[in-house]
Amino acid sequence: MGVLDRESFTLGQPLVTTRSTRRSIAILAVAVVVVAGLTLAWLKLAPRHVPYGQSPLATLRSDSLADFRAAFNAADGQVRVVAMFSPT
Amino acid sequence: MRGASALDSLLAEFPEADLRVQVDWEPVLLSDIAAPLSTVLGLIRDQRVTQYWDPDRVVSAEFVRSVNANPARYGFDDPLPPEYIAWDNVAVFQRSARWGHDSPVPAFTSGPVIDAIAATRVAIATELAAARTVLE
């Protein structure tokens, strides 16, 4: 049972907020931030694996578009398909 | 996501076909904060596929640049808006297609991919048949 704050009474209306409740909310908020941070870190850093038999996932940058183009041209003589997706 | 799975199923309909596929994953939605996870990459299992993570959307930008350099060549009446993002899209290219200064003109392109599977099937079959005709 927490101790009621002075601010817990407003215009004669008792509020349910107590010091312990505020502390619980603070702990919960910190926990949410920590979990969100860990989730974000995991999303950013988790290893990515493509299915068996495929080349490893390649990351394109503005200076590596030539790699994408070269891969396209390397399959000269074959029908080619290019598909573009959002990961979520 | 459904489009990626549908594309993989479509490729499975051509198990022996001589084709190559490039899949470009790019951030478009607010939730696209990182490269696709392995579970997402696993939606496309075909071994003829190479998958790319394109955080700066350089492939889309190159397509837009190419189209805007000559809209009529790509079947457009007007240039695309500079901020246009090509995504959830599939394009099929002839076996003779070559990517020079500008991206080649696709024999077929459409999207969203999930809605374009039937037409993509026809386009792939058509191009494979044309390739066989040339080789015979």
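## A strand pair across the chains

A:Val82 stands opposite B:Ala91, a residue in strand 3 of chain B. Strand 4 of chain A and strand 3 of chain B (residues 89-93) run antiparallel and are joined by 5 bridges. Strands pair when DSSP finds at least two bridges between them; strands (E, at least two residues) and helices (H or I, at least four) are DSSP runs, numbered from the N terminus.

This is a predicted model, in which local features need pLDDT of at least 70 and side-chain atom pairs pLDDT 80 or more, while totals for chains, interfaces and linings use all residues. Residues are numbered from 1 along each chain as its sequence is written, with chains lettered from A and ligands numbered from 1 in the order in which they are written.

## Where the chains touch

In all, 36 residues of chain A are in contact with 56 residues of chain B (contact means C-beta atoms, placed from the backbone, within 7 Å). On the chain A side, helix 1 (19-45), strand 3 (58-59), helix 2 (65-74) and strand 4 (79-85) each supply at least two residues. Strand 4 gives the most, with 7 residues.

## A closer look at B:Trp25

B:Trp25 lies in strand 1 (residues 19-25) of chain B. Why does B:Trp25 count as buried? Because B:Trp25 has 28 C-beta neighbours inside 10 Å, and the cut-off for buried is 20 or more other C-beta atoms within 10 Å, with C-beta atoms placed from the backbone.

Leaving aside residues up to four places away in sequence, B:Trp25 touches residues including A:Phe85, A:Pro87 and B:Ala35. The C-alpha atoms of B:Trp25 and B:Ala35 are separated by 7.7 Å, and the two residues are 10 residues apart along the chain.

Conventions. Buried ≥ 20, exposed ≤ 12 C-beta atoms within 10 Å, placed from the backbone. Contact = placed C-beta atoms within 7 Å.
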